[in-house]
Amino acid sequence: MEFVWYLALIIVSTKIAGHVSVRLGQPSVLGKLVIGIILGPAILGWIDNNEFIHYVSEIGVLLLMFIAGLETDLDQLKKNWRSAVAVAVGGIILPFIGGFGVADLFGLSTNYALFMGVLFSATSVSISVQVLKDMDRLSSKEGTTILGAAVVDDILVVILLAFMMSFLGTDQDVSLGLLVGKKVLFFIGVFVAGVFIVPRVMKWLSTLKVTEPIISIALFICFGFAYFADLMGMAGIIGSFAAGIAISQTNFKNVVEKKVEPIAYSIFVPMFFVSIGLNVSFEGVGQQIGFLVVLTIAAVLTKLLGGALGAKITGFSNVSSFAIGAGMVSRGEVALIIASTGIQAGLLLPEYFTSVVIMVILTTLMAPPMLKVLFKRRKETASKEGGL
C-alpha cells in the first residue's frame, strides 16, 4: 500500500504548498513544483520517483493539456498562427545556438554540442498553461500564441532531433521523409476526426444508459488522440490538446470541462507537478556548478529572447513579447525525454545528465514567476494606455 501513502501525501502537500505560494504572491504551481523537490530524493527522500508516479503523472499532464484545449479560443488561435510560427522558430534558432555555444565553451565535442543545441530548443508549456489558467489569460492573444508556438516547436524539435541522430550516425534507420509524413498524417487525422467524427461520437454515445457517459467518451477521445500522437512521433500532450480543441467545438464543451477538472486537479495534475521535482538529485553537481549556472542562464535567456523576438516582429508590444517568451522558457518533461534519448544514443555524456536535469527543473521553476510579473506589467501598461 505504499503507493496509497504516496498519493495521500502528494495530494495534501501540493494543496498546502500551492496555498503558501499564492500567499507569498507567486503562482500556486510554483509551490507544487517546489514541494516535489522537498519530498523527493533531493531533500527529504520521502517519495521515490517510481513507475506508479510516472504513469499517474503522465495522465496528469495529458489531462492538463486536454483542459487547455477545451478552454482555447480557436478563432484567436487561427488569427495568431503567424505569430505562433515566428515564436516557435525564434525559440529554436537562438536556443540552438546558445546550447551549442555553452557545450563548446566547456570543451564538449561537436556532436555533444549539437545535441545540447537540440535539447535547448525543446519547450513544454504544460506549466505555463497552468499559470495562464490561474491568471485567466489562457484564451488571451498571448496565451493562444504560446499554445500554438508549443505545437510548432514540438514538430520542429522532433524533426531536428531525428535529423541530428541520423547526421551523427547514431541512428541510421531514421527516415526524414517518413518522419515528416507521420506529422502530416497526424494533423490530417486529428482534423478529420475533430470535424467529422468527434461530434457524432459524442452525440451518439452520450445517450448510453450508464453512469457519466459524456465524460467517459471525452476521456477516451483525449487518451486516444494522445496515443495517436505518440504513434506519429509527436508528444502525447499535443494529441490531448487537439482532443480538447475538438470537443470544445461541440455542445458538450461545458459539461466535459466541468466534470474533467475535478478529476484532473484532485489527483492526476498534482502528481505531474510533484514528479518534475522528483527528478532532482544534487549528487555530483558540486564538480559542475559552473557548467550548471552557465547552462541555466543561457537556457532561460535564449528561449526568452528568441520567443520574444518572434512575437515582436509579428506585432506584439514589448511587454507582451517578453511574456510570450517567458511562456516558452520551461523545458519540462519534453526536455527530460530528449535528454534520456541522448543518453541512450550516446549524444549526452552520463556525467552531465544530472546537470541537464537540474537545468530543466530550474527553467520550469523560473517560468511561473516570470509569467506573473510580465502579465502584471502588461495589465498595468494597458490600464495606463486606457486612462490616456
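Me: In which helix is Thr-363 found?
Reply: In this predicted model, Thr-363 is found in helix H16.

Me: Why does Thr-363 count as buried?
Reply: The relative accessibility of Thr-363 is 0%. Buried means under 20% relative accessible area, so Thr-363 counts as buried.

Me: Which residues does Thr-363 touch, not counting those up to four places away in sequence?
Reply: Thr-363 touches Ala-299, Val-300, Val-329, Ser-330 and Arg-331.

Me: What makes Arg-331 a residue that lies over the face of Phe-120?
Reply: Arg-331 is at 5.8 Å from the ring centre of Phe-120. The cut-off for the distance is within 6 Å, and the charge must also be within 35 degrees of the ring normal. Arg-331 therefore counts as lying over the ring of Phe-120.

Me: How do you know that the charged end of Lys-141 sits over the ring of Phe-316?
Reply: The charged end of Lys-141 is 5.0 Å from the centre of that ring.

Me: Which residues touch the most other members of the largest nonpolar core?
Reply: They are Phe-66, Met-116, Met-202, Ile-247 and Val-256, in a core of 118 residues. Helix H16, residues 350–387, supplies the largest share of this core, 12 residues.

Me: Which residues does Ile-247 touch, not counting those up to four places away in sequence?
Reply: Among them are Phe-66, Met-202 and Val-256.

Me: Which residues do ring pairs link into a cluster?
Reply: Ring pairs link Phe-106, Phe-291 and Tyr-352.

Key:
Residues numbered from 1 in each chain as written. Predicted model: local features only at pLDDT ≥ 70, side-chain atom pairs only at ≥ 80, totals over all residues. Heavy atoms only, no water. Core = buried A, V, L, I, M, F, W, Y, C linked by side-chain atoms within 4.5 Å. Buried < 20%, exposed > 50% of the residue type's maximum accessible area, 1.4 Å probe, protein only. Helix = DSSP H or I, 4+ residues; strand = E, 2+ residues; numbered from the N terminus. Contact = heavy atoms within 4.5 Å. Phe/Tyr/Trp six-rings, centres within 6.5 Å; stacked < 30°, edge-to-face > 60°.
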